[in-house]
Amino acid sequence: MKIVSAIKNISVLSVCLLGLTAKVNSGPPVTPPPPECEDFLTGGGWITGTPSGEFANFGVGGGVKNGELWGHLNYIDHATGMHVKATEVTGYFFVDDDPNCRIITYNVEIDGAPGTAEVLVCDNGEPGRDDTFTIFLSN
């Protein structure tokens with residue numbers, strides 16, 4: 001399932017040098033940050049454009065802090081009641097063709113069942129009206 005929408009209040013902090021290029025699923029080319037990198041993003045709010053046609057709330061965070069993957073994800077579709085909650089951050093990547101975007105991969109619970117999520121988040125400047133949030137769910 002893919003959910004795409006414009007959102008507000010995404011912030012990316014980066015103090016990294018880029019290295020190898022890879023791909024996450026079939027998405028854009030990405031680069032994992034080096035182990036010494038301190039780079040992360042946070043965001044949250046509500047979105048429209050969900051599969052149910054109603055709004056959803058989300059909170060997202062991820063990155064590398066102190067050499068370790070760090071983050072969280074919480075997503076609730078208010079029409080269906082679907083709840084996605086991260087149990088582990090499994091990856092964090094720079095999007096090679098857009099320095100404002102990051103991809104974060106998670107192990108999640110989707111309505112209590114195990115699954116995975118991949119989130120593409122772009123911080124397109126202040127005051128946040130052009131930021132984007134895209135989430136791909138395993139089921």
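Biologist: Let's start with R102: is this residue buried or exposed?

Modeller: Keep in mind that we are looking at a predicted model. R102 is found in strand β9. Its relative accessible area is 3%, and the cut-off for a buried residue is under 20%, so R102 counts as buried.

Biologist: Which side chain does the side chain of R102 make a polar contact with?

Modeller: A polar contact needs a pair of N or O atoms within 3.5 Å. The side chain of R102 has such a contact at 3.0 Å. The partner is the side chain of D39.

Biologist: Now to the nonpolar residues: which members of the largest nonpolar core touch the most other members?

Modeller: In soluble globular proteins, nonpolar side chains tend to be buried together. Here the largest nonpolar core has 23 residues. Strands that each supply at least two of its residues include β5 (39-47) and β11 (131-137). The members that touch the most others are V60, L73, Y106 and F133.

Biologist: How many residues are in the second, separate core?

Modeller: Among its members are F93, V95, C101 and C122. C101 and C122 are both buried. The size of this second core is 5 residues.

Biologist: What kind of aromatic pair do F40 and W70 form?

Modeller: A pair of aromatic rings is described by the distance of the centres and the angle of the planes. For F40 and W70, the centres are 6.0 Å apart and the planes are at 80 degrees. Planes over 60 degrees apart count as edge-to-face, so the pair of F40 and W70 is edge-to-face.

Biologist: Which strands does the pair of F40 and W70 tie together?

Modeller: F40 is partly exposed at 21% relative accessible area, and W70 is partly exposed at 27%. The two residues are 30 residues apart in sequence. F40 and W70 lie, in that order, in strands β5 and β7.

Biologist: One last thing: at what distance from the ring centre of W70 does the charged end of K65 sit?

Modeller: K65 lies over the face of F40, at 4.4 Å from that ring's centre. The charged end of K65 also sits over the ring of W70, and there the distance to the centre is 4.0 Å.

Technical notes:
Residues numbered from 1 in each chain as written. Predicted model: local features only at pLDDT ≥ 70, side-chain atom pairs only at ≥ 80, totals over all residues. Heavy atoms only, no water. Core = buried A, V, L, I, M, F, W, Y, C linked by side-chain atoms within 4.5 Å. Buried < 20%, exposed > 50% of the residue type's maximum accessible area, 1.4 Å probe, protein only. Helix = DSSP H or I, 4+ residues; strand = E, 2+ residues; numbered from the N terminus. Polar contact = N/O pair within 3.5 Å; in protein donor to acceptor, adjacent residues only side chain to side chain. Phe/Tyr/Trp six-rings, centres within 6.5 Å; stacked < 30°, edge-to-face > 60°. Lys NZ or Arg CZ within 6 Å of the ring centre and 35° of its normal.
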